[in-house]
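Hi,

Here is the structure I said I'd send over.

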Number of protein chains: 2
Amino acid sequence: MREVFHDTLEDIQGRLAEISELVTEAIEKATAAFASGDVSLAEDVIANDDRIDALVLSTDEIAIETLAMQQPVAQDLRVIVTALRVSASLERMGDLAEHIAQLVRSRYPERAIPKGLKKTFTKMGELDVQVARTLTKLLKTQDLQYATLIRDTDDDIDELHASVYERVLADTFTGEIPHAIDATLASRYHERFADHAVSVAKKVVYLATGDWAGSDDEDSLGA
Amino acid sequence: MREVFHDTLEDIQGRLAEISELVTEAIEKATAAFASGDVSLAEDVIANDDRIDALVLSTDEIAIETLAMQQPVAQDLRVIVTALRVSASLERMGDLAEHIAQLVRSRYPERAIPKGLKKTFTKMGELDVQVARTLTKLLKTQDLQYATLIRDTDDDIDELHASVYERVLADTFTGEIPHAIDATLASRYHERFADHAVSVAKKVVYLATGDWAGSDDEDSLGA
């Protein structure tokens with residue numbers, strides 16, 4: 001019984017890492033499309049989101065079946081409940097990558113990235129990709145140093161997010177209203193993407209350290 | 001054993017309805033504050049979000065304890081897993097009401113509601129309140145007609161959300177960039193609030209009808 005359970009847990013954790021890899025691929029393509037205006041790359045992200053959703057759904061089904069068949073208690077139970085929450089966050093990260101891709105598509109043939117903010121969004125995109133890659137490593141290894149790295153990178157993203165608001169609200173901003181709106185939405189999507197990674201990282205840390213009663217996603221308004 | 005479980009289920013469902021009532025109060029005050037610029041009402045919403053979060057956390061703990069102690073299977077198991085997901089959506093709805101309140105606070109003493117959009121946002125606010133009240137009824141009675149009502153109201157909110165984007169992007173929009181950004185963010189918060197209610201309603205329907213493999217939150221970009 002224990003061994004069957006152990007195999008199932010490994011299967012679930014392997015699936016979560018696999019979903020995280022798909023989410024990484026999505027954010028890589030979405031941020032590249034956002035920088036270049038490449039609409040076919042954006043279409044790719046939008047089309048692939050179904051794969052993420054399907055893998056999330058089948059992973060949740062395995063987790064629920066495990067609860068029913070193996071009746072885990074204590075730590076084992078918390079691992080399964082955490083898996084259900086992690087999969088929900090990963091699905092949401094996939095949605096946010098898709099939203100960035102949808103912005104690219106809706107602005108085509110214009111470029112979605114607003115004037116004067118190219119450097120900032122390039123950096124935010126790189127940091128989101130870094131967060132996603134680190135999250136995959138965390139889910140594969142359960143090495144908590146990756147959780148710290150995710151939190152630190154999220155702090156940098158929050159700063160960039162605040163700076164976007166400051167820029168579009170400043171008198172010196174030369175863009176029009178549509179550019180300001182694109183910048184606002186895109187910045188929020190980038191920031192929320194990393195927030196969900198932090199939320200997953202916290203849950204993995206809680207599982208490892210036993211400090212379960214952690215607060216959920218903290219979603220600041222930004223600037 | 002069955003009876004203990006039945007009592008626990010009633011307790012959990014009662015708690016979810018109670019959280020939904022707190023969320024309703026939050027969105028009532030947040031949308032009233034948004035319309036009037038009443039910053040003390042906004043502060044109230046921000047201060048009360050901790051109560052929602054605490055009630056979500058204690059409800060989740062009861063649900064997880066029930067999984068461990070009562071080892072439910074089949075439908076009973078799905079009820080508990082659904083409760084964990086419903087509580088997460090309710091928490092997020094509370095966060096979104098708080099975001100609207102934060103917008104009011106950040107613009108004070110100016111009014112957050114952008115010029116020319118007062119009617120639209122008043123209507124969106126009323127519909128969000130209606131969605132929250134209907135959700136409480138659904139959670140109290142499990143009467144699926146309320147789920148249909150929530151979906152229909154959400155369609156109306158989506159239309160208003162799209163119309164806000166159209167308005168701020170139109171040449172006739174007389175507001176400045178800060179007003180356009182406020183309108184964009186506020187509209188998205190109102191729309192996401194209702195999306196989460198739809199997500200909860202779907203889960204309640206799946207439980208009742210046995211059609212479990214439903215898609216999760218569909219979060220459209222709006223316009």
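Between chain A and chain B there are 3 residue pairs in polar contact, counting pairs with both residues at pLDDT 80 or more. Keep in mind that this is a predicted model.

Which helices of chain A supply at least two residues each to the side that touches chain B? They are helix 2 (39-70), helix 3 (74-107), helix 5 (145-169) and helix 6 (177-209). Helix 3 of chain A gives the most, with 11 residues. By type, the side of chain A that touches chain B splits into 23 nonpolar, 6 polar and 13 charged residues.

As for the extent of the contact, chain A puts in 42 residues and chain B also puts in 42 residues. Together the two chains bury about 3600 Å², with 65% of that on carbon and sulfur atoms.

On the charged side of things, I count 2 salt bridges between chain A and chain B.

Now the core. The largest nonpolar core holds 150 residues. Phe34, Phe121 and Leu135 of chain A are among the residues with the most contacts inside it, and so are Phe34(B), Phe121(B), Leu135(B) and Leu139(B).

Cheers

Key. Residues are numbered from 1 along each chain as its sequence is written. Chains are lettered from A and ligands numbered from 1 in the order in which they are written. This is a predicted model: local features need pLDDT of at least 70, side-chain atom pairs count only at pLDDT 80 or more; totals for chains, interfaces and linings use all residues. Side-chain values use heavy atoms; hydrogens and water are left out. A nonpolar core is a set of buried Ala, Val, Leu, Ile, Met, Phe, Trp, Tyr and Cys residues joined through side-chain atoms within 4.5 Å. Buried means under 20% relative accessible area, exposed over 50%, partly exposed in between (1.4 Å probe, protein chains only). Contact means heavy atoms within 4.5 Å. Buried area is the accessible area (1.4 Å probe) that two parts lose on being put together, summed over both. A salt bridge is a side-chain nitrogen of Lys or Arg within 4 Å of a carboxyl oxygen of Asp or Glu. A polar contact is a pair of N or O atoms within 3.5 Å; within protein, one must be able to donate a hydrogen and the other to accept it, and residues adjacent in sequence count only if both atoms are side-chain atoms. Helices (H or I, at least four residues) and strands (E, at least two) are DSSP runs, numbered from the N terminus. Ala, Val, Leu, Ile, Met, Phe, Trp, Tyr, Cys and Pro count as nonpolar, Asp, Glu, Lys and Arg as charged, and the others, Gly among them, as polar.
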